[in-house]
Amino acid sequence: MNIDNFMGIHEQALRVRDYRSELLAANLANADTPGYKARDIDFKQILSQEAGQQQGLATTHQRHIPLSQGTVSTNQVGYRIPEQPSLDGNTVNTEREQVEFASNSLRYQASLEFVNGKIKGLLRSFKGQ
Amino acid sequence: MFKVFDVAASGMSAQNQRLNLVASNMANADAVSSSMDQTYRSRQPFFRTLENQFNPEDPTVGVKMAGVVESQAPLVQEYSPNHPMANADGYIFRPNVNIVEEMANMISASRSYQSNIEVVNSAKAMATKTLQMGKG
């Protein structure tokens, strides 16, 4: 068993969820800013990319820098398509952002539960009970 | 994780300042005066995104109240020669505050403030759970 892979996808999932919560909070904070465009990421796409990185890209030299995981680059952050145009150019739909934020934080906690379960199992196997 | 708190706090602060302006407009809605330049004019805030000065590309931005503009809507001129504030021609001036508009602004500001508080509460729950990782 490799301890690095022990947490499975949830380690990356937590980081991407965390970043997404920052984006959604920014959308909600700018709900009344003229011209602000709501942003979001495609969670599924970024996570599968992260999962791909986990296995690939071996470092063959000691001075190779491994690709950092869990960082979403700016060009991966897209713009929401507004449901209804507004006169001041703002594309934040507060209700939608609130729902997305709530769902995102719930999913974060779900990933956290999985990680906790893994840790519990590991501790139990250490104790040999 | 902690950036969420900064962003939501900037939103709360901006909405609070907006609410202050609404209160100021409402309080001065009936402040009559005898000359046009002494009359209170409705004050409206304008918001701007608070960009990350080290990384302008950063999409997780907060918000700030960039300034206040005085409404250019015409003042209400009223002929009332018996009014103690009336000028030589018998006119008084009332502020260009639109109470209905201000009420709508007030509701909008308090709603936005609430949604920022919800963000803080959810982020706090997330952070607390994260701190307890592996303890239970």
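Along its sequence, chain A of this predicted model runs in the order α-β-α-β-α. Put another way, chain A holds three helices and two strands. Of its 129 residues, 41% are buried.

Over in chain B, helix α1 covers residues 2-27. Helix α2(B), residues 99-131, passes the same kind of check: 33 residues should span 48 Å, and the end C-alpha atoms sit 48 Å apart.

These two helices of chain B pair up. The axes of α1(B) and α2(B) come within 9 Å and cross at roughly 160°. Angles over 145 degrees count as roughly antiparallel, and therefore α1(B) and α2(B) are roughly antiparallel to each other. Their contact brings together 16 nonpolar, eight polar and three charged residues. As for handedness, the crossing of α1(B) and α2(B) is left-handed.

Both helices have a buried side to their story. In α1(B), the buried residues include B:V4, B:V7, B:A8, B:L21 and B:V22, along with B:Q15, B:R18 and B:N25. What covers them? The cover for the buried residues of α1(B) includes α1 (10-29) and α3 (94-127) from chain A, plus β1 (43-50), β2 (62-70) and α2 (99-131) from chain B itself. In α2(B), B:E102, B:N105, B:A109, B:V119 and B:M126 are among the buried residues. Here the cover includes α1 and α3 of chain A, as well as α1 and β1 of chain B.Helix α3 of chain A also lines up with α2(B): the two axes come within 10 Å and cross at roughly 5°. That angle makes α3(A) roughly parallel to α2(B). By class, six nonpolar, seven polar and one charged residues make up this contact. On the chain A side, the residues involved include A:F101, A:Y108 and A:L112, together with A:T94 and A:Q98. On the chain B side, B:S115, B:V119, B:S122, B:M126 and B:K129 are among those they meet. Of these, B:S115, B:V119, B:S122 and B:M126 also belong to the buried residues of α2(B).

Key. Residues numbered from 1 in each chain as written. Chains lettered and ligands numbered in written order. Predicted model: local features only at pLDDT ≥ 70, side-chain atom pairs only at ≥ 80, totals over all residues. Heavy atoms only, no water. Helix = DSSP H or I, 4+ residues; strand = E, 2+ residues; numbered from the N terminus. Expected span 1.5 Å × (residues − 1). Buried < 20%, exposed > 50% of the residue type's maximum accessible area, 1.4 Å probe, protein only. Contact = heavy atoms within 4.5 Å. Axes fitted to C-alpha atoms, helices over the stretch in contact; angles between N-to-C directions. Parallel < 35°, antiparallel > 145°, perpendicular 65-115°, else oblique. Left-handed = near helix turned anticlockwise from the far one by under 90°. Nonpolar A, V, L, I, M, F, W, Y, C, P; charged D, E, K, R; others polar.
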